[in-house]
Amino acid sequence: MSQPFRGASGGRIERARQLSFTFDGRRYQGHAGDTLASALMANGVRIIARSQKYHRPRGILSAGAEEPNAVVQLGTGAGAEPNVRATEIELRDGLVAGSVNAWPSAAYDVGAVAGLLSPLLVAGFYYKTFMAPGGFWQSVYEPLIRRMAGLGRAPSGPDPDIYDHMHAHVDVLVAGGGPAGLAAAGAAARTGARVMLADEQTELGGSLLGGPRLIAGQPAPDWVAAMAGELAGCAEARILTRATVFGYYDHNWLGVLERRADRLGPSGTPGRSRERLWHVRAKQVVLATGAHERPLIFPGNDRPGVMLAGAAATYAHRYGVLAGRRAVIATNNDSAYGAALDLAAAGIQVLAIVDARWEAALKAHDTIQALGIERFAGAVIQGALGRRSVRGVRIVKLDGRGDAKEIACDLVLMSGGWSPAIHLFSQSGGRPAFDPGLGAFVPGVSHQAERSAGAAGGTMTLAGALGEGYAAGAKAAADAGFGDGRAPEAPHVDAEAGLGVAPLWPVPEPAGGSGQRGKAFVDFQADVTDADVRLAAREGFEAIEHMKRYTAAGLGTDQGKTGNVNAIALLSAALAKPIAAIGTTTFRPPYTPVAYGAMAGRNVGALLDPARVTPIHDWHASEGAVFEDVGQWKRPWYFPQGHEDMAGAVRRECLAVRNAVGVLDASTLGKIDIQGPDAGRFLDRVYTNLFSNLSLGRCRYGLMLKEDGMVMDDGVTTRLGPDHFLMTTTTGNAARVLDWLEEWLQTEWPELEVYCTSVTEQWATITIAGPKARDLLHDLAPDLALGKADFPFLAMREATVAGVPARVFRVSFTGEMSYEINVPASHGRGVWESVMAAGAAHGIAPFGTETMHVLRAEKGFIVVGHETDGTVTPLDLGMDWIVSKRKDFIGRRSLARADIIRPDRKQLVGLLPLDGQAVLPEGAQLVLEPRRAPPVPMIGHVTSSYWSATLGRGFALALVAGGRTRAGTVVYAPLESGIVAATITLPGFYDPDGHRLHD
Amino acid sequence: MLLIACPWCGPRDETEFRCGGEAHIARPKDPDALDDAAWADYLFMRRNPKGRHRERWVHAAGCRRWFNVERDTVSHVITAVYPMGKPPPGEGG
Amino acid sequence: MTWPRLWRDPEPKPAYDAVIVGGGGHGLATAYYLAKEHGITNVAVLEKGWLGGGNTARNTTVIRSNYLWDESAAIYEFSLKLWEGLSRDLNFNVMLSQRGVLNLAHNLHDRREAIRRVHANRLNGIDAEWLDPTAVRAFCPILNIDAGARYPVLGATLQRRGGVARHDAVAWGYARAADARGVDLIQNCAVTGLRRNGGRIAGVETSRGFIKAGKVGIVAAGHNSVLAAMAGIRLPIESHPLQALVSEPIKPVLDCVVMSNAVHVYVSQSDKGELVMGAGIDGFNSYAQRGSFPVIEAQMGAVIALFPIFSRLRMMRSWGGIVDVCPDASPIIGKLPVDGLYLNGGWGTGGFKATPGSGFVFAHTIANDAPHPLAAPFSLERFTTGALIDEHGAAAVAH
């Protein structure tokens, strides 16, 4: 028989569809509807993983999202996924899985020798050791520890899959599709409210899929199907399966991760997103997330074959898989009795129930007697026997009477009570409350618009879950404005008793025990034992957060879903303080892990921060331009010709501009259209200099400060009409400047009537510069008068250029005669080509940002972001001439502060290396004593530095403390390659009187 | 993620907005009348309260209008949204 | 191997020579150095929750000293030197791991500023290297340095002495060492008021009664404004949520710290195998230790662009801290305008790395009622005079 632990019948699997898969290199068979865990269990595979610290063999503990042990590597190569819970993996044909943290396989793991070191590896072992001598921690011990790190392996390459995001606004979001959630969704949907029901499983039903319950006299799955059908028929209801509500954030915003493609194969379906992350804003939320069964803490409770009782029932009912053949059940509550009957009916021989309590619900008691199941009352499992798999248990009476009894078995089931899944409640900001009757934390007072129903709220009976579900759904809908809030009548279910939990935390050591009783685990994945918790308490880690951090309990991939309450209880016992006084650690999102790719969604690759390009971009690209990123823009950096390197290209471009004409695509400059009767007055306040007196059709350079007096941006603003200006900004700051203007207008000066509109994208800006610029413009715009008096420097003319209506600004950043031709963006490419065609006769060359920077630096013009860094004032830049003394403006008062007027502030200067061939690196620091040992006092740094083809030498701009008084001083830049000496000059190396601009 | 009721556009996700910090800090009418300490107070000093806070937001990816919000900095609950230039709820005006 | 209790759980005494408000790393370090360097042992550290439970427990543990400005470089480098001897000084392994910190440059502006910082660091005696893209790739092979990438890697600065440490261990180590020197560490003790006697501090009102104190040092990251307000003082500080997250543990793939200020990515891999990552700051003021999910989402595209193999890895846990941010992204260490009242705060997103140095200079400042030379530039007065230490540009948001 290929699947020796598969029952002959039963389960919700498709027995006719056989699937083949491999685990740790071995091939197995399973069925459609299986999880990897159920299929491995059917095949009798017991060891699925090795524990993180001790490499102990571990099997399957649970049947769901709470699984701490059965964590596997799924797939291979770029599509691999580490650390997936076998209990959540839908089996598909060809699935490849392997163990993590084990080599060569989980069954035979070389790393298991780590277990021999276990005396060293107690809580806090890192901190107490490895300090001495001589850095052995980092050279020897840490590398060893790092080798042991981690579970699975990262994929080998870029993700082959895509992810997407969806946004939903709902009246009622129901988290969990078990009995309470289905009832809630149904009740809410009947009111016409917009309802979303999200459940992490492949099908709705939750706990109902794992047991034999009847609802209204019918098998529970029939009721589930009827409810699902009803919801599917509601136009405003949306059901998401394979969808986990993973995070509960402010203002009832929740994240839901829907897994859409993994079941289809390693690369899914092309074009279909692998996972979809839903952003859900809900008016009301119903949390019907169920509960997790707790393990019992006894030595060997981690051995493969020791698992949760409810999980074994789920494997039997849902998957038709027997978790073992001969079982002993250990419990502290009544739920295990039901599980015992279930499992007996499914074909597992239940040998005994070991009940820590003396009493149990009478009915269950009678039934198990009838089945011949031995009941040990007031008894506990003192230890599980076996190493690689459990082979028996030792049972002792809690009162110490009688001899211990050993029973041989291959399955040990634990039921330590149930912990409501209050994760989302806690994330919402609510504080959990301890319910002593349940021995667990339950939701306390709501912090947001949510309510819990069913087991999530601590109600452990089916009748209670249904009743609460219907009521919660109806009330949630009513609070969202739908229906009258009256709950539909719940269908009949058989009465059942409560759990009758008698909390039993650590199984006590027997009187006179040796102390060598073996490890009893609290947190399986992190390998935290009850002894670790007690040790932490003894060492003073009494706060629950301290204990968690010191022992690592609850820090594994399961985030302590099964172990946390036990750990809290152990700490409570160790400190002799009530559990309620210990409290819980804070539940953090996500409930279960979320892939980075899913969080990124479509905002990856080309759609991540899309690059902005000008209307002329394709021309630049086809001419082989090298681009640089400026803000979000792609700008041509330089245009190499043939085999030219950057230096050669820039040299050629510079000379073309200085001697003939060059053309620059300046479309990326920010352009803000400013209109309104108060526009001039407004500009007076945002610029350091005056604009209200600017003549029509004239342009003026302006400097903008932050209120702290530091330079923020600069640019040329032109008066287009009495109440109409066009402001230009730097490429990178365009959006920021618009924000800035709007903020001041709306928040501080609402009395000013001014309207600001970004027109950056509406205009293409083609700058021609050079002694031939005027001739070239004449060729393109023969009707435009270009004489010195007709079209002076710093003027604007409207004209037809290359057949297109244009605004032409006579401004210059290069120091040459220069015109900025602005045409509607859609004409940008055409006009550019006309410029190039007409320019050929004048020796035109396109130039990029590097040449622009060289040329402006030769002039001593600043670039915001080169010569400024948020700490530089206009006075530092020697730009007092642009700072009005006659009016207030943003930042002015700050310029008068004590440290801003100090004469030794860094000031803008020029630098000429003594070796004319040398070009200082930008960012080089300047010192007076280059041969001193560090720390060497620095007096400044190089802000811009280039080779000047025009000057035939290297030159630089720099900010130097008290620099303007140091002209002629030699300073030094100590570089890795040696010390470069340079003389301080005033900035401005080319045409200092500006003849070429005004000509 | 906060849900902010823009006075012009209605309730929208926080991602459409930008927070502009503490509200009701008026720019001094005559900065020259202030000594450096008073100017620093205007420039830099903030209440940064734990609990009820009045702050400015702008619907940056929407109508681009600024407005005031009263919000609790612990619970993040928004208790009022009111126009620029208006006093906070319950404080004259 | 077991230890006796790491620290006592004393009842507060009626009076102390000095009271430190805030039992995080900085506060505990302050108490330790008060005792060790200045012989002031009649000291209480008051913590409203559990020791090290604030930002000490919530940061991404990056340690480096490669700051631009002399003032910053001096204090962070002093701190790094203390880190290098800390495990032995405290007899507690703080798991300092100097695996190197890369700061990526993605455009010419980044590159220029990065090189500026490398030059400044070297002249300040701080190890700093500039790596070209090929060298970056060699140092961190999983990084995507494709020139056509949206955020191409044009190079990176490397501080080899930078790295990470175990954040909790720093708090515990200082706590144990301070306790051993007689400092009372008092948990679950919230300060509710500051009592003044004229222009001088008299003591603190707490949830456990009034405690008289000759000197009071406020080191309560996140809540410094609240405490200063108890003395009627406003600060240039705003409290914001800062989120961080870890992935599920995987086998080692990342052996250094990688930071990219431009895209708000800073990531390292812990000794347990988790990728530890910080997110950007939420834009609004908050004391909730909770941020918005889209802030995390917003950086994931950039993370995946830089590290393509991370896409299928999964966020296991995320959390938030409260960072108190100054306008110039530099801290305030010094005297407040009440005699005997001192502040150490405003570290923003970068306080963890400064823990030892911060505690050391703050202890000096309290003991001498005058700023330590390394602390002097970080006075509150700089906001009046304009001598700000603007670390936004070159040190940037991501620490």
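The model is predicted, so local features need pLDDT of at least 70 and side-chain atom pairs count only at pLDDT 80 or more, while totals for chains, interfaces and linings use all residues. Residues are numbered from 1 along each chain as its sequence is written, chains are lettered from A in the order in which they are written, and side-chain values use heavy atoms, with hydrogens and water left out.

Chain C splits into domain 1 (15–64 + 167–236 + 327–395) and domain 2 (96–163 + 239–325), with bounds from an automatic or database domain assignment. Their C-alpha centres sit 28 Å apart. In all, 22 residues of domain 1 are in contact with 27 residues of domain 2 (heavy atoms within 4.5 Å).

Put together, the two domains bury about 1,900 Å², 53% of it on carbon and sulfur atoms; this is the accessible area (1.4 Å probe) that the two parts lose on being put together, summed over both. On the domain 1 side, Arg58(C), Thr60(C) and Arg64(C) supply 31% of the buried area, more than any other three residues.

As for pairings across the interface, the rule finds zero salt bridges (a side-chain nitrogen of Lys or Arg within 4 Å of a carboxyl oxygen of Asp or Glu). Nine residue pairs, both members at pLDDT 80 or more, do make polar contact (N or O atoms within 3.5 Å; within protein, one able to donate a hydrogen and the other to accept it, and residues adjacent in sequence counting only if both atoms are side-chain atoms).
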